[in-house]
Amino acid sequence: MADIVLGTAGHIDHGKTTLVKGLTGIETDTTNEEKQRGLSINLGFAYLDLPNHQRVGIVDVPGHERFIKNMVAGLPGIDLVLLVIDANEGIMPQTKEHLDIMTLLGIKNYLIVLTKCDTVDPELLELVRDDIHEQLAGTTLADAPLIETDAVSGKGLDELKETVQQFVAAQPDVPVYGPGRLNVDRSFSVKGFGTIVTGTLLDGIVAVGDEVTIFPNGKSAKIRNIQVHEENQKTASAGQRTALNLANVSTEDVKRGDVLTNGETLETTWMLDVKVSCLKDSPIGIDLWNRVRVLIGTREVFARVVPIGTESVQPGDEGFIQLRLEEQVAVKAGDYFILRTYSPVMTIGGGQVLDAAPVKHRRFKQDVLDSLKVKDEGTLDYLILDFLLHQKNALVSFKEIDTYFGQDAAELQTILADLSDKQEVIKLNNERWMSQKRLIMVKTKMIGYLEQYHKKYRLRKGMPIEEFRSKLQSDLSNKEITDILTYLKDKHQLVVTNQYVALPDFEVIFNKYQLVAQEKIETALKKSGYMPIKKEELIELDKNAVSVLEALEGESVISLTFEYVISKDVLVHAIEEVRQFIHENGKMTLANFRDMTQSSRKASMLILEYLDGQHITERVENTRILVEKKS
């Protein structure tokens, strides 16, 4: 069966803590202050043994409006809420606020628990029931079961346990995998054991011996022991109330509001892109630069509001905003949050994180709005496309995709394969993925650079490779540039060599004056044969020789060094001669080459050193051998 965590919610003094004690025998008001004042201040924790012996966790949240942030801290990871209502009073203001908050936090499963029913006569009880159904009509609790209880006499407790058991049995067993993530709701020290933290494990799995990172401070710790419902376990998985005994840290290093993970799925951020709902009965809207309290996970941080695509989000409306935080947080896309005013403190709205690490946006830019809409409404394939399009890195590994989305790996692979078949993503040979839209953006920029270069240097075959790379380094890493160039070269969309990059349809065309210079250069090199010529000598032949000589490089002219060039035909013939000689004799000396070509020692040395540099030959002491090609 699935692991389930229950939560309680409701107005102060409506009997939440007494109900939990009646169900479990566990007193969740643990501090002297709570017991003296008769109200829950902080989160209380217990566990309930169901009739089938399955154990579920319970989080008892405080009801007083002054402790709303403590109440919100207890809700992440809760699967089923017991909305507790005193039969003597019915629905009260704090009941409504709790319901608003739970709705904003995405909680969908409820049981309505009427408490203290033995203290109310049947007629009043019927009136309370009717009033509850009337007030909850049109909410997520409209069809929730209502169970009458009295924790003192035990009335209805067995029925409540049975109803919870039916809910648990109906929940599907969802495979748990990937890195664990826990929002810390308590941190304390136990003599002889050290630092203990508790929370509901939101994602993945943790195990004894795991190294965990504490966010936002980035410190590391090791899990020494794990308890689930006060029993030692080797592992804990998503959906379980968990206590972790941490080594190598003190309670000063990890506190309530921090996040622990044993993976690489989190990063700290100063901004969040979110979809927000402003409560219908909120006295104010959510306006530009409002200073608000953001309750997310088990933290409360202050932030400024920047509406996206609108001037403000008014009561009863939804919209997109960017939260500019005053402290860093570590959250994930999909996490829920609550917004409260700075002062006086009241709940005004809440919603869901769409991007946990955005950049600053221009408020009315259409592509920003389109991206946020995709993140809000899109299916997983559209979310993957949006992720690949807007990630900082243009090329993303499958591991990065897997850890970001936290979905079944096989499902992600299937979606990526389908998107690849549709040519919406590409997979490069090093197993990294890229959005086709992003490739088009990069390619368009590359083509723009090359078109400008070809127009300016009509006799150059292309832009020098290092100059081309330098123009792209603000957007792409060197590795990404290499991989994308290789891909475009293989697709015949760019010409890429070790020396230059060019457009595939570009060709050098000489005018009649340049053709004259070409004839002079090629004639001089052919006449010189195996004797390389200095470039400066060729340049003196014609006023167009500088640009023409550069254009002929690799076509009919080869630069042996920065200073000397030779005819390509002559060099090709020399290579054939060298190969044949070494095949017949096993090796070749400088003197052998000089005699064979009837050239000077200096000329022979220039040619042979060029062949060494091209890995055609290899010098071994005073001889050359052929370089063996790897199969």
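**A pocket lining and a strand in a predicted model**

I will begin with the second largest pocket, whose lining residues divide into 12 nonpolar, seven polar and eight charged. Please keep in mind throughout that this is a predicted model. The pocket has a volume of about 880 Å³, and 27 residues line the second largest pocket, with K461, Q499, Y500, E553 and G554 lying nearest its centre. Looking at which elements give two or more residues to that lining, we find β28 (463-464), α15 (535-539), α16 (545-552) and β32 (557-559), and the largest share, four residues, comes from α16. In terms of domains, the lining of this pocket draws at least three residues from each of domain 4 (379-509) and domain 5 (512-626).

Let me now turn to strand β5, residues 110-115, where six of its six residues are buried. The burial applies to both faces, with Y110, I112 and L114 on one side, and L111, V113 and T115 on the other.

What does β5 pair with? Strand β4, residues 80-86, pairs with β5 in the parallel sense over six bridges, and within that pairing V84 has V113 as its bridge partner. With helix α5, residues 122-136, β5 and β6 make a β-α-β unit that is right-handed.

Methods
Residues numbered from 1 in each chain as written. Predicted model: local features only at pLDDT ≥ 70, side-chain atom pairs only at ≥ 80, totals over all residues. Heavy atoms only, no water. 1 Å grid on protein atoms, 1.4 Å probe; cavity = no way out; pocket = protein on both sides within 12 Å on 5 of 7 lines; lining within 4 Å. Points joined across faces, edges and corners; volume = space filled by probe spheres on them. Nonpolar A, V, L, I, M, F, W, Y, C, P; charged D, E, K, R; others polar. Domains from an automatic or database assignment. Buried < 20%, exposed > 50% of the residue type's maximum accessible area, 1.4 Å probe, protein only. Pairing = 2+ DSSP bridges. Right-handed = clockwise from strand over helix to strand, strands pointing away.
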